[in-house]
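Please keep the sequence and the coordinates at hand while reading.

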Amino acid sequence: MSEFGAGAELPGWVTESRSRGEFFSPEESHAAAPAGFLQELPSYRSVLRRRAAAGDVQERWGNLRGIASAERREPQPDGGERGAIPLWELPFSIAEKRRIRDLQQGDIKYSSGWNHWKRTSSKSWKKALKDIKELSSYMQLWRHDIHSIEGKFGTGIQSYFSFLRFLVLLNFLMFILMFSFVTLPAVISNYGIFNSSSTKISPNNTEPYCTVYTPSGNKGLVYFYTYLKDLLTGTGFLEVTVLFYGYYTIDAAWFSVLRYNLPLAYLLTTFAYLALSFVWIIKRSVERFRQHLVHDEDQFQSYCNKVFAGWDFCITDLNAARLKHRSLLYELQTNLEEERLKQKIAERTMKEKLRIYSLRIFINIIVIAVLSGCFYSIYRATVFSQENSSNISIVGFQANLLVQYLPSIVITSANFIAPQIFSFLIAFEDYSAAFEIRLTLIRCVFVRLANVGVLLFSLWSQIHCDNDQCKACGYDYELYPCWESAVGQEMYKLLIFDFMIIIAMTLFVDFPRKLLVTYCSWKLVQWWGLQEFGISDNVLEIIYGQTICWIGTFFSPLLPAIATIKYFIIFYIKKISLIHTRKPASRPIRASSSNFFFLAVLLIGLILAFVPLGVSIALISSSKACGPFRNFNTSWAIVPYTILEFPIGLQKFLYGIASEAFAVPFFVIACLFMFYFIALAGAHKRVVEQLREQLVTESRDKLFLLEKLSEAQKNSGKPQKARS
Amino acid sequence: MGGSSSLLPQEALGEYQELTFLNKQEILLAAPAPGLPRALPHGGAVVFASSSAYKRFSELLPREQRENACSVRVPKSQILTLPELRANPFQHRICHVFSTSEDGDDSMSFEDFLDMLSVFSDAATSDIKSRYAFRIFDFDDDGVLDGKDLEKLVNCLTGQGEEARLSSIEMEQLIRNVLEESDIDKDGTINLSEFQHVISRSPDFVSSFKIVL
């Protein structure tokens with residue numbers, strides 16, 4: 001005990017250092033003699049030895065503390081050991097750390113040159129890392145804004161804004177990719193800058209009527225509102241710009257003597273941006289997933305998490321603190337109630353179970369009916385819109401705009417109504433609160449993403465044709481001579497409409513509501529109150545927009561730029577709306593579970609975006625009248641064509657990889673590895689459980705023996721041994 | 001802001017950077033304030049503070065003591081006026097844990113203040129945070145968290161006032177659940193290792209145990 005001298009120590013530290021085996025906390029209640037034995041137990045000694053040999057941090061701290069307080073210098077055989085922890089990670093006050101540092105520097109005299117060099121180099125390396133991290137954090141976009149949001153509204157809402165920032169960066173990178181590899185060469189070679197030129201090879205083995213494509217381009221005198229309409233719908237003068245697929249009707253670009261294969265670049269850049277998004281999202285979610293997986297208890301149920309990590313120390317506002325207290329109380333009460341409910345459920349009778357299950361099946365049928373209703377209405381709206389959008393002369397300008405935007409309007413209303421219906425229905429299904437929230441969220445996600453799928457499906461049903469004439473082209477050449485541009489225009493309209501709706505909701509719903517609640521003192525209005533910042537709704541909104549961007553970028557290469565600007569503006573709109581028109585959430589979502597959930601849904605959106613893109617690229621014939629893939633049957637066909645120009649060896653290798661003889665065994669082996677890791681994880685978990693039980697029984701044994709020992713000593717009446 | 005040219009010597013700044021998790025900006029902002037630099041007696045270069053830790057700390061002192069802010073202790077009542085601590089239910093425990101005052105009056109010097117900011121900063125490791133969290137939650141300072149500590153902790157969380165408390169049945173149920181999840185050796189208390197173990201499984205701890213100036 002002598003190495004733990006006086007000094008400003010709390011009893012907690014002494015106890016913790018003394019009781020090496022952590023099973024001996026109640027030793028204080030026993031007499032001194034049994035405690036003395038603890039130091040002599042072989043298990044304790046070997047733990048000490050093992051920890052000292054491995055340079056355990058705790059042991060070092062014990063030593064450091066003792067040395068700092070007692071100001072004794074022991075020449076350590078391995079003087080470099082203590083310098084291995086950076087000073088700033090020691091759990092002592094600044095004054096003590098200063099003493100330790102002075103002692104360390106004094107000890108340098110005792111250590112050999114090699115240890116000294118090792119220590120100083122590791123110290124400077126750590127300091128360099130710290131400086132780099134500091135520098136890189138300065139360059140983060142919106143660092144100060146997100147910090148202040150976190151301070152005022154907590155970490156749950158802050159995670160939404162960091163997610164938004166992530167999407168801005170992702171879209172910006174996508175734009176850079178598409179711009180530099182597709183748009184820039186096309187523009188340069190079209191205008192002949194830098195001694196470049198482009199070649200357009202006319203297709204040779206297709207019917208001539210397939211290749212007729214005359215976009216209107218607004219020649220001659222047009223009304224002003226035509227420009228506005230074109231801006232909003234992507235037709236007219238926008239159709240022939242760089243924005244859409246139709247512009248890139250170039251088969252190769254020549255820069256002096258270098259040949260730039262633009263079609264191949266177009267396809268490969270598409271794959272590149274999809275791969276970039278995929279990898280980046282997975283990388284970001286791996287860290288969050290690790291936390292999620294650490295223990296598989298339901299996150300909503302972990303009491304220790306709520307009690308020890310419940311208070312958000314960032315809160316500075318007294319009102320926010322009051323609300324946080326209330327929400328914590330509410331959360332704890334609901335969870336305790338849920339636990340009691342769970343016990344009640346476990347005691348349900350057979351009759352009750354039958355009733356509940358049949359009710360759930362019935363409600364799921366209603367949900368499916370609602371979904372089918374949404375899908376059918378989207379299908380009809382798309383078909384109607386496509387059929388009637390070219391009748392400009394018959395209907396007026398506004399009506400035509402309405403018809404053009406009909407699919408977007410229907411999708412947005414479906415996205416708005418369906419979640420309300422789901423949250424109404426789920427109350428009848430009698431699930432636990434946590435599961436209710438999850439199930440509603442899953443249903444809403446499904447609605448939003450499936451709506452986009454249905455839209456695309458209806459578009460393709462329009463493009464597809466049946467009679468023999470257009471079978472030669474493979475698509476409906478009369479209505480859609482350049483069908484990729486048409487799809488691009490739909491995606492463009494969806495994106496713009498989504499953006500306008502967000503702005504409109506903020507301007508025309510949130511702010512008037514706030515004004516009403518502030519200045520009108522009617523009971524009804526006050527009860528209606530301000531709206532909360534619904535994190536999941538907002539996140540689903542932006543994920544929906546991002547999915548559209550992913551699908552649409554193949555058909556409209558500059559869409560990521562529009563998406564970047566859109567999310568950039570949305571950040572400020574949401575921030576202003578949050579600060580001025582929202583009340584704090586009563587049931588806050590925890591930051592940890594939300595981070596992982598957002599990324600998981602985003603990943604689902606990305607994978608869902610693969611499907612329509614895959615179908616367009618590989619199955620549907622590319623249009624013969626425009627675009628870089630005129631000479632090929634499908635957009636994908638350029639890849640086999642390019643491979644045929646490779647050397648024979650490489651060709652054989654690539655064919656080998658793509659064949660079934662390779663793919664099937666590869667898949668089987670990958671599955672084997674996956675099963676192995678799953679089994680390993682399961683085994684580890686079981687071992688951990690067993691060890692925990694063992695710990696408990698061991699500690700009980702020791703307590704039992706200690707009691708017996710102290711009894712025996714008392715009975716024998718021997719004087720207690722003085723502690724050495 | 002204004003013309004308060006409080007001085008923090010360069011070496012002290014470097015030393016504090018080395019001994020804490022804070023970076024230079026968080027300790028002070030090195031933008032020169034209006035006014036000429038004055039040479040200290042020992043000739044060290046001086047840096048002006050215009051924001052963050054040093055400035056906030058010296059604002060807590062009465063005017064005449066601001067010159068030597070580094071060596072003065074601020075009484076607890078003043079510390080509790082900081083907005084970051086004002087709304088915090090653990091304010092008294094925080095002052096108690098970080099204060100190195102021998103009188104036991106929980107007054108804090110500038111170094112204690114820096115200590116506190118360092119532990120609560122973004123860059124601090126979860127190990128450090130969990131150690132200090134354990135000390136803060138240990139209301140009776142006996143080195144373990146027992147039922148009484150947990151009860152006081154939960155009462156702090158739910159707020160002041162009679163209607164903001166859990167009923168005794170709920171409190172018992174809650175404490176039982178917490179101990180079931182975290183008490184490995186089943187002795188009815190949570191010691192530091194058990195606390196750190198349960199914190200390592202808690203994903204929200206690092207993001208909520210944070211104070212940003």
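In this predicted model, Trp142(A) sits in the loop that links helix 6 (113-138) to helix 7 (143-153) of chain A. The backbone of Trp142(A) has a positive phi of about 60 degrees, although the residue is not a glycine.

Asp106(B), which is not a glycine, has a positive phi of about 60 degrees. The residue is placed in the loop between helix 6 (91-98) and helix 7 (110-119) of chain B. With 10% relative accessibility, Asp106(B) counts as buried.

The wider setting of chain A can now be described. Chain A contains 25 helices and 5 strands, and 45% of its 724 residues count as buried. Among contacts in chain A with a separation of 6 or more, 75% are made by residues 24 or more positions apart.

The nonpolar interior comes next. In soluble globular proteins, nonpolar side chains tend to be buried together. Here the largest nonpolar core comprises 116 residues, and the members with the most contacts inside it are Phe161(A), Phe163(A), Tyr273(A), Trp483(A), Trp550(A) and Phe554(A). Helix 8 (residues 155-191) of chain A supplies the largest share of this core, with 15 residues.

Lys574(A) belongs to helix 21 (residues 559-581) of chain A and counts as buried because its relative accessibility is 7%. Not counting residues up to four places away in sequence, Lys574(A) touches Tyr160(A), Phe161(A), Ile502(A), Phe533(A), Asn538(A) and Glu541(A). One of these partners, Phe161(A), is listed among the residues with the most contacts inside the largest core.

Side chains of opposite charge can pair when their charged atoms come close. Over all chains, the count comes to 20 salt bridges. In one of them, the side chains of Asp251(A) and Arg630(A) meet at 3.9 Å, N to O. Asp251(A) lies in the loop between helix 9 (224-233) and strand 2 (252-255), and Arg630(A) in the loop between helix 22 (591-618) and helix 23 (638-643), so the pair ties together parts of chain A that are 379 residues apart in sequence. Asp251(A) is buried at a relative accessible area of 7%, and Arg630(A) is buried at 11%.

Another salt bridge joins Asp498(A) and Lys566(A) at 2.9 Å, N to O. Because Asp498(A) is in helix 18 (residues 483-519) and Lys566(A) is in helix 21 of chain A, this pair ties together parts 68 residues apart in sequence. Asp498(A) is buried, with a relative accessible area of 8%, and Lys566(A) counts as buried at 3% relative accessibility. Helix 18 also holds Asp510(A), whose partner Arg582(A) lies in strand 5 (residues 582-583) of chain A, so that pair ties together parts 72 residues apart in sequence. The N to O distance between Arg582(A) and Asp510(A) is 3.0 Å, and both residues are buried.

How do the two chains meet? In the model, 78 residues of chain B are in contact with 69 residues of chain A. The area buried between them is about 6,400 Å², and carbon and sulfur atoms give 59% of it. Between the chains there are 4 salt bridges and 14 residue pairs in polar contact. On chain B, helix 10 (residues 168-182) gives the largest share of the side that touches chain A, with 7 residues. By class, that side of chain B has 36 nonpolar, 20 polar and 22 charged residues. Glu15(B) forms a salt bridge with Arg98(A), in which the closest N and O atoms are 2.7 Å apart. Through shared partners, salt bridges join Arg98(A), Arg101(A), Asp102(A), Glu15(B) and Glu111(B) into one network.

Terms used. Residues numbered from 1 in each chain as written. Chains lettered and ligands numbered in written order. Predicted model: local features only at pLDDT ≥ 70, side-chain atom pairs only at ≥ 80, totals over all residues. Heavy atoms only, no water. Contact = heavy atoms within 4.5 Å. Buried area = accessible area lost by both parts, 1.4 Å probe. Polar contact = N/O pair within 3.5 Å; in protein donor to acceptor, adjacent residues only side chain to side chain. Helix = DSSP H or I, 4+ residues; strand = E, 2+ residues; numbered from the N terminus. Nonpolar A, V, L, I, M, F, W, Y, C, P; charged D, E, K, R; others polar. Core = buried A, V, L, I, M, F, W, Y, C linked by side-chain atoms within 4.5 Å. Buried < 20%, exposed > 50% of the residue type's maximum accessible area, 1.4 Å probe, protein only.
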